[in-house]
Amino acid sequence: MTQQQETGCVLRLFGAQSTAVGKTVENFPPQWRAAAQWKSRGAETLVALQAQSPSGLKKAAQALRQAFSADLYGAGETTLPAAVVEALERHDKLLICADAAAGALLEARLENLPGAEKVFDFGAVSYANPKTGPLIEKRARLPKDCTDPLRQALARAQAARRVVGADLSAACAERESDCVLVLSCRKGCFLRTVPAGENPALWLLDIIRRTAANKPQAEGTGFLPARRAAKKDVLPSPQPRRHPLRRVCMTLLVLALLAALAAVGAWKYTNGNFYALPEQLRALLTEHVPRPGATLV
């Protein structure tokens, strides 16, 4: 039992690509005698490592930690909410919510964690406070005819952070088919669009964890600098989503251009007589390829 505990462990990743995990595992040197199995559920990936020696396990785990330093949030039974609380506490960051939508995503997941009340206000001094809540709405200074949920969430997140004096302020813009997560910090705002089928709470927790620990965000998370975020008439342009057919069409276009260039070259080489091309190529190869027994000089 002791030997099994020494030669096996589980690493937890969020936002990592499953294919990238597979490539890293394939590159394990044979002398490590380490293997891994991984399973992705949404954006979360669990990697179970096994090795024939503690040293091989240590090297394999270190390789994954280096390759996915920003995606790795814990090991063993560590949960993403617990990793968020640990990151906030370690870096001395205070997190608040700017609206009830963000509070609904975070409060239920953080309420039973030890130390969470030290780094998260659970709405007590922010949106749910009878004095602070209206002040946040006032400081947001939104036009009365503004109905864009993203514009509202962006303005509230920045206003709440300034009113409370917090380090991080979360907001959520709920729309028909998706929601936009907003996290305001001193340098600007992180934004991520999450489809209805995914879990926005986990994505918001991961954005908070990475921001608190000053780590790169997952692919697909955008950033709006503070100066642009402060402008009420400027919203971040949606990130273009590359359609799979676009890449196929580009490949076919390149192949068509190459074929056209080859046709032009053949036309000039044969003086317009394509039927003579096979015979000319055969003569060219016969002339330049050495015969058996010939000596190359």
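Trainee: Which strands does H9 lie across, with E1 among them?
Mentor: H9 lies across E1 and E4, and its direction makes about 95 degrees with E1. Keep in mind that this is a predicted model.

Trainee: What sheet are E1 and E4 part of?
Mentor: An open one of four strands, in the order E2-E3-E1-E4, with antiparallel pairing. Strand E2 (34-41) and strand E4 (72-75) are at the edges with a single partner strand each, so one side of each has no neighbour in the sheet. On average, neighbouring strands here are turned by 20 degrees against each other, direction ignored.

Trainee: How many bridges join E1 to E4?
Mentor: Three, with strand E1 (residues 8-14) and E4 running antiparallel. If you want a spot to look at, Leu-13 stands opposite Leu-72 in E4.

Trainee: Back to H9. Which strands of the other sheet does H9 lie across, E7 included?
Mentor: Helix H9 (residues 200-212) lies across E5, E6, E7 and E8, at about 20 degrees to E7. Those strands belong to an open sheet of five, ordered E5-E6-E7-E8-E9, with mixed pairing. Its edges are strand E5 (95-97) and strand E9 (222-225); each has a single partner strand, so one side of each is left without a neighbour in the sheet. The twist there averages 25 degrees from one strand to the next.

Trainee: Which strands does H5 lie across?
Mentor: Helix H5 (residues 100-110) lies across E5, strand E6 (168-174) and E7, running at about 110 degrees to E6.

Trainee: E7 keeps coming up. How many of its residues are buried?
Mentor: Eight of the eight, so E7 is largely enclosed by the rest of the structure. Both faces are covered: one has Asp-178, Val-180, Val-182 and Ser-184, the other Cys-179, Leu-181, Leu-183 and Cys-185, all buried.

Trainee: And how does E7 pair with E8?
Mentor: Strand E7 (residues 178-185) and strand E8 (residues 188-195) pair in the antiparallel sense over eight bridges. They form a hairpin with two residues between them. In E8, Thr-193 is the bridge partner of Val-180, and Val-194 is that of Cys-179.

Trainee: What about E6 and E7, how many bridges there?
Mentor: Six, again with the strands running antiparallel. E6 and E7 make a hairpin too, with three residues between them. Cys-172 has Leu-181 in E7 as its bridge partner.

Trainee: Switching to charges. What does Asp-178 pair with?
Mentor: Arg-175, in a salt bridge of 2.9 Å, N to O. Asp-178 is buried at 17% relative accessible area, whereas Arg-175 is partly exposed at 37%.

Trainee: How many salt bridges are there?
Mentor: The count comes to eight. One of them joins Arg-12 and Glu-44, with the closest N and O atoms 4.0 Å apart. That pair links distant parts of the chain, since Arg-12 is in strand E1 and Glu-44 in strand E3 (residues 44-51), 32 residues apart.

Trainee: Is Arg-12 buried or exposed?
Mentor: Buried, at 14% relative accessibility. Glu-44 is buried as well, at 13%. Glu-44 also forms a salt bridge with Arg-41, where the closest N and O atoms are 3.9 Å apart, and Arg-41 is exposed at 65%.

Trainee: Which residues are linked in a network of salt bridges?
Mentor: Asp-71, Asp-206, Arg-209 and Arg-210.

Trainee: Last one: which residues make the nonpolar surface patch?
Mentor: Leu-252, Val-254, Leu-255, Leu-258 and Leu-261, covering about 510 Å². Leu-255 sits in helix H11 (residues 244-269).

Definitions and conventions: Residues numbered from 1 in each chain as written. Predicted model: local features only at pLDDT ≥ 70, side-chain atom pairs only at ≥ 80, totals over all residues. Heavy atoms only, no water. Patch = residues over 30% accessible without salt bridge, like charges linked within 9 Å, V, L, I, M, F, W, Y side chains within 5 Å. Areas by Shrake-Rupley, 256 points an atom, 1.4 Å probe, with all protein chains shown as cover. Salt bridge = Lys/Arg side-chain N within 4 Å of Asp/Glu carboxyl O. Pairing = 2+ DSSP bridges. Axes fitted to C-alpha atoms, helices over the stretch in contact; angles between N-to-C directions. Contact = heavy atoms within 4.5 Å. Buried < 20%, exposed > 50% of the residue type's maximum accessible area, 1.4 Å probe, protein only.
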